[in-house]
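Please read them with the coordinates open.

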Amino acid sequence: MARIIVITSGKGGVGKTTTAAAFSMGLALRGHKTAVIDFDVGLRNLDLIMGCERRVVYDFVNVINGEANLNQALIRDKRCDQLYVLPASQTRDKDALTKEGVGAVIEELSKTFDFVVCDSPAGIEHGAMMAMYYADDAIVVTNPEVSSVRDSDRMLGILSSKSQRAETNAEPIREFLLLTRYSPERVAHGEMLSVEDVQEILSMDLLGVVPESQAVLNASNAGTPVVLDKISPAGQAYGDMVARYLGEDVPHRFLAVEKKGFFSRLLKRG
Amino acid sequence: MGLLDYFRGQRPKGSATVAKERLQILVAHDRAERNRPTYLLNMQRDILDVIRKYVAVDMDAVSVNYEQDDDRETLEVNIVLPEPAEERA
Ligand SMILES: Nc1ncnc2c1ncn2[C@@H]1O[C@H](COP(=O)(O)OP(=O)(O)OP(=O)(O)O)[C@@H](O)[C@H]1O
Ligand SMILES: [Mg+2]
């Protein structure tokens, strides 16, 4: 039985796809057989971020419609053989994702995979509802900014009322906060909500804090999930977040302003 | 970091404080709204219809308040009747 994880947010452009790519790659690198599904039908971004856009033959909707089987549509990652991508189609409309169709695909994946990661589209429309419906766990990607935090809270309301687990009175979805595009400098200047502020408002378990980082853009330019960039703070933060998800006790990093210049040099010498 | 930034950093109450205060209010309001039973609006209309059989009241004469805490739910129905004619004169 696979564990189904939705990467969701409500608000658009906060880093869901970046997170879905990094998180699924991180799980796979640790030896867990992982499938990552792009639910953003009509836009199709995940394959680009994963760097497999030229290998897409069949997509999620083809599988739902019975035009291809799962094995034909799943793309095996070239860097890690435990990772498979199920791309979205670019042309179909969102209604192609039916509850039954999505359920059947997830059930089939469940038989052979350890984790199924669902990259949700923005908003609270049909596509986002389908992405979260079968979830066991939710990673709520949030930026330290008012509209993103508010939308995350709304998404919490939806997870606890509209999911399969809610509808069948099963154990609720486990909800984790992932704060991304965090800038310790701006927090120190009082210009950005701090991790503590966001946690206090949403009262959720903190899975990780990913700093604002040029490495994310570089990674998406290259089609390489940022978690593979082990030197960058963002890559390391994603690595930590995967470890925490798997139950390891890893301290949070990159929360404070990096010490630069004279004092840090002095400290290093000592 | 420029000199200006240095002085800005000294000021404790930046825009983040305002953001946090606004969010706390907003989120509390959203959550209260979410927890309201969906029948409230219909019930409010029905109550109003019954009252209007006997007394001419305005559409906003009935307000229904729903509150929920850990161990109970309270429903507060407030009906404002028109003032008696002699008092108005
Ligand atoms: N930690 C970060 N540092 C810098 N830029 C980031 C970071 N995380 C995400 N971004 C950038 O933000 C933009 C949006 O990211 P992404 O596509 O992952 O968001 P999304 O939530 O999937 O968007 P959508 O809602 O449109 O699906 C991208 O340009 C990405 O490079
Ligand atoms: Mg996306």
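1. Start with the interface. In this predicted model, chain B and chain A bury about 1,500 Å² between them. Of that area, 54% lies on carbon and sulfur atoms. On the side of chain B, the residues that lose the most area to chain A are Lys20(B), Leu23(B) and Arg34(B). Together these three account for 33% of what that side buries.

2. Next, the contact list. Chain B contributes 16 residues, and they touch 16 residues of chain A.

3. How many salt bridges link chain B and chain A? The count is five. One pair to inspect is Asp30(B) with Arg150(A), which form a salt bridge. Their closest N and O atoms are 2.8 Å apart.

4. H10(A), residues 195–202, packs on H2(B), residues 15–35. The angle is about 20 degrees, and the axes are 10 Å apart. Angles under 35 degrees count as roughly parallel, so H10(A) is roughly parallel to H2(B). The crossing of H10(A) past H2(B) is right-handed.

5. Which residues make that contact? From H10(A) come Asp197(A), Glu200(A), Ile201(A) and Leu202(A). H2(B) answers with Lys20(B), Leu23(B), Gln24(B), Val27(B) and Arg31(B). By class, the contact of H10(A) with H2(B) holds four nonpolar residues, one polar and four charged.

6. Behind H10(A), look at H7(A). The axes of H7(A) and H10(A) cross at roughly 35 degrees and come within 10 Å. H7(A) passes H10(A) in a right-handed crossing. The H7(A) side consists of Val149(A), Ser152(A), Asp153(A) and Leu156(A). The H10(A) side consists of Val198(A), Ile201(A) and Leu202(A). This contact of H7(A) with H10(A) has five nonpolar residues, one polar and one charged.

7. Last, H6(A) against H7(A). H6(A) covers residues 126–133 and H7(A) covers residues 146–162. They pack at an angle of about 60 degrees, with axes 10 Å apart. That angle makes H6(A) oblique to H7(A). This crossing, too, is right-handed. H6(A) supplies Met129(A), Met132(A) and Tyr133(A), while H7(A) supplies Ile158(A), Leu159(A) and Lys162(A). The residues of the contact of H6(A) with H7(A) are five nonpolar, no polar and one charged.

Key: Residues numbered from 1 in each chain as written. Chains lettered and ligands numbered in written order. Predicted model: local features only at pLDDT ≥ 70, side-chain atom pairs only at ≥ 80, totals over all residues. Heavy atoms only, no water. Axes fitted to C-alpha atoms, helices over the stretch in contact; angles between N-to-C directions. Helix = DSSP H or I, 4+ residues; strand = E, 2+ residues; numbered from the N terminus. Parallel < 35°, antiparallel > 145°, perpendicular 65-115°, else oblique. Left-handed = near helix turned anticlockwise from the far one by under 90°. Contact = heavy atoms within 4.5 Å. Nonpolar A, V, L, I, M, F, W, Y, C, P; charged D, E, K, R; others polar. Buried area = accessible area lost by both parts, 1.4 Å probe. Salt bridge = Lys/Arg side-chain N within 4 Å of Asp/Glu carboxyl O.
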